Amino acid sequence: MHQIGRLALMLVRFEAENFRSIAEAVTLSMVAVDHDREAAREQPLLDEHLLTVAGVYGPNASGKSNVLAALGWLRDAVRDSLRVWEDEIPVEPFAFGTWGARPSRFVVEATIDGVRVDYELEVSRDRVLYEALFEYPERRRRRIFERDGEDLSLARGLGSLAGARGLLTPRTLALSAMRRFDEERVGAFASRLLRMQAFGLRGPQGNRTRAFAAAAWASSTARLFDVEAQQQSLFDATGTDAVEPDMRQRALGLLRLADLGIDDVAFIDEPLLMPDGGTRSRRRPQLVHNAGGVRVPFELTAESEGTRAWFSLIGPTLTALDRGGLVVVDELDASLHPSLSVELLRLFRDRATNPHDAQLLFTSHDATLLNSLNRDEVWLTEKDADGSTRLGALSDFAGERVRRSQNLESAYLKGRFGGLPDVDRAGLLHALGLVG
């Protein structure tokens, strides 16, 4: 029997309908068009190759971030519905027309250890309407569970999940309830989905979500460097995520890419006053610079925004590359230098650095990054006349297959694929008061 923690999940396809700026269903696929390259990983049970990198491009307010946010919402739903969803399901339907009264729908198609798994969810603000998990162990669909309203059907042999019925409410996901029971097939999918790491996605609390994620990701990176804390954890019987011995050197190598002056990472113990009047110690990282043979530590907050962003990405990136999994980054180019963005793509493409088929899914405005992307790794968003988001594959733009040799950056900047803001120059000058 497989150990759930070692199973690798690869995203095959994601679909969202009636979520934020998304009205009609949009689908993002990680299926490769061009197979003869490292970034396309063969999946024999699918007869397909899956990508390890994909980027979503489009004008501001076209909804590219919402495509990724829908995937993040689904992950959070599985994590939170049993504990938090008491009065209402916090779904955000498209605000115009009659969409507010319609259900929202999400579909994830993935592989776990090469076997296809499909999860589908349909919800309104007050109830779960439909939910199902299917697997394809021999390329034929087999139901694990299916829930229609409050009626839950389980596959044969899953009697251990019968207790999940007692945890269901109209607003509780069956997948959330089943996580409490030791069933491998359900647990493998749920744990892999929850391991998805997302940075920069706007949640119900807006930008606070990005700030919180940045702090959490920076902490995960700091842990890789903190040898003393790692040694202490060896005596903690509950510790299950020990850091590999060479992980610190790998993390330091990546950090040095951002600033050639960074020599090491050190820690200082900072006393914290607790509500009960006591104190505890918090270890705070400092980046040690070497200038002319002199080593000087700097607080992380004193570093450039680009260095801080790269520092935050190192932990989640190495974790994904070490275990497999999905890393989702909104606005990859917001803080990173283009050369670092390119290096990040290389890490996920290269089999030597990504042996477990980890995937990177991101949004960006950086057209220069298109020079480092293949035609099937680019998706484009546009805003429709009613304000809703449309999503399309660049590899088959407007029904005309894009050549593999196409200069994507040049074509994108010329508006060949859309994705550029349609600026009314006269209106802009008038708004600025520069013309009458």
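**View 1. Asp-47 is found in the loop between strand S3 (40–43) and strand S4 (48–51).** The model is predicted: local features need pLDDT of at least 70, side-chain atom pairs count only at pLDDT 80 or more, and totals for chains, interfaces and linings use all residues. Residues are numbered from 1 along each chain as its sequence is written, and side-chain values use heavy atoms, with hydrogens and water left out. Helices (H or I, at least four residues) and strands (E, at least two) are DSSP runs, numbered from the N terminus. Phi of Asp-47 is near 60°, a positive value in a residue other than glycine. Asp-47 counts as exposed because its relative accessibility is 56%; here exposed means over 50% relative accessible area, buried under 20%, and partly exposed in between (1.4 Å probe, protein chains only).

**View 2. Ala-61 has a positive phi value in a loop.** Its phi is near 65°, and the residue is not glycine. Ala-61 is found between strand S5 (53–57) and H1. With 58% relative accessibility, Ala-61 counts as exposed.

**View 3. Ser-21 and Asn-66 are joined through their side chains.** The link is a polar contact of 2.8 Å. A polar contact is a pair of N or O atoms within 3.5 Å; within protein, one must be able to donate a hydrogen and the other to accept it, and residues adjacent in sequence count only if both atoms are side-chain atoms. Ser-21 lies in the loop between strand S1 (9–17) and strand S2 (26–29). Ser-21 counts as buried because its relative accessibility is 12%.

**View 4. Glu-86, Asp-87, Glu-88 and Asp-126 gather in a patch of negative charge on the surface.** Patches are made of residues with over 30% relative accessible area and no salt bridge; like charges are joined within 9 Å, and nonpolar side chains (Val, Leu, Ile, Met, Phe, Trp, Tyr) within 5 Å. Lys and Arg count as positive and Asp and Glu as negative, while His and the chain ends are not counted. The place of a charge is taken as NZ of Lys, CZ of Arg, CG of Asp or CD of Glu. Glu-86 lies in the loop between helix H1 (64–84) and strand S6 (104–112). At 57% relative accessibility, this residue counts as exposed.

**View 5. Val-294, Val-296 and Phe-298 form a nonpolar patch on the surface.** Together they have about 230 Å² of accessible area, computed by the Shrake-Rupley method with a 1.4 Å probe; for residues, only the protein chains shown count as cover. Phe-298 lies in strand S14 (residues 294–299). Phe-298 is partly exposed, with a relative accessible area of 36%.

**View 6. Glu-183 caps the N-terminal end of H3.** A side-chain oxygen of Glu-183 lies 2.9 Å from the backbone nitrogen of Arg-185. Helix H3 spans residues 184–194, and its buried residues include Val-186, Phe-189, Ala-190 and Leu-193. An α-helix has 3.6 residues a turn, so residues three or four places apart point the same way.

**View 7. Arg-37 forms a salt bridge with Glu-377.** A salt bridge is a side-chain nitrogen of Lys or Arg within 4 Å of a carboxyl oxygen of Asp or Glu. By this rule the count comes to 33 salt bridges. In the pair shown, the closest N and O atoms are 3.1 Å apart. Arg-37 lies in the loop between S2 and S3 and Glu-377 in the loop between strand S16 (359–363) and strand S17 (378–383), so the pair ties together parts that are 340 residues apart in sequence. Both Arg-37 and Glu-377 are buried.

**View 8. The side chains of Asp-357 and Arg-41 meet in a salt bridge.** The N to O distance is 2.6 Å. Asp-357 is in the loop between helix H8 (338–349) and S16, Arg-41 is in strand S3, and the two are 316 residues apart. Asp-357 is buried, with a relative accessible area of 18%. Arg-41 is also buried, at 2%.

**View 9. Glu-270 and Arg-284 form a salt bridge.** The closest N and O atoms are 2.9 Å apart. Glu-270 lies in strand S12 (residues 262–273) and Arg-284 in strand S13 (residues 279–291), so the pair ties together parts that are 14 residues apart in sequence. Arg-284 counts as partly exposed at 24% relative accessibility.
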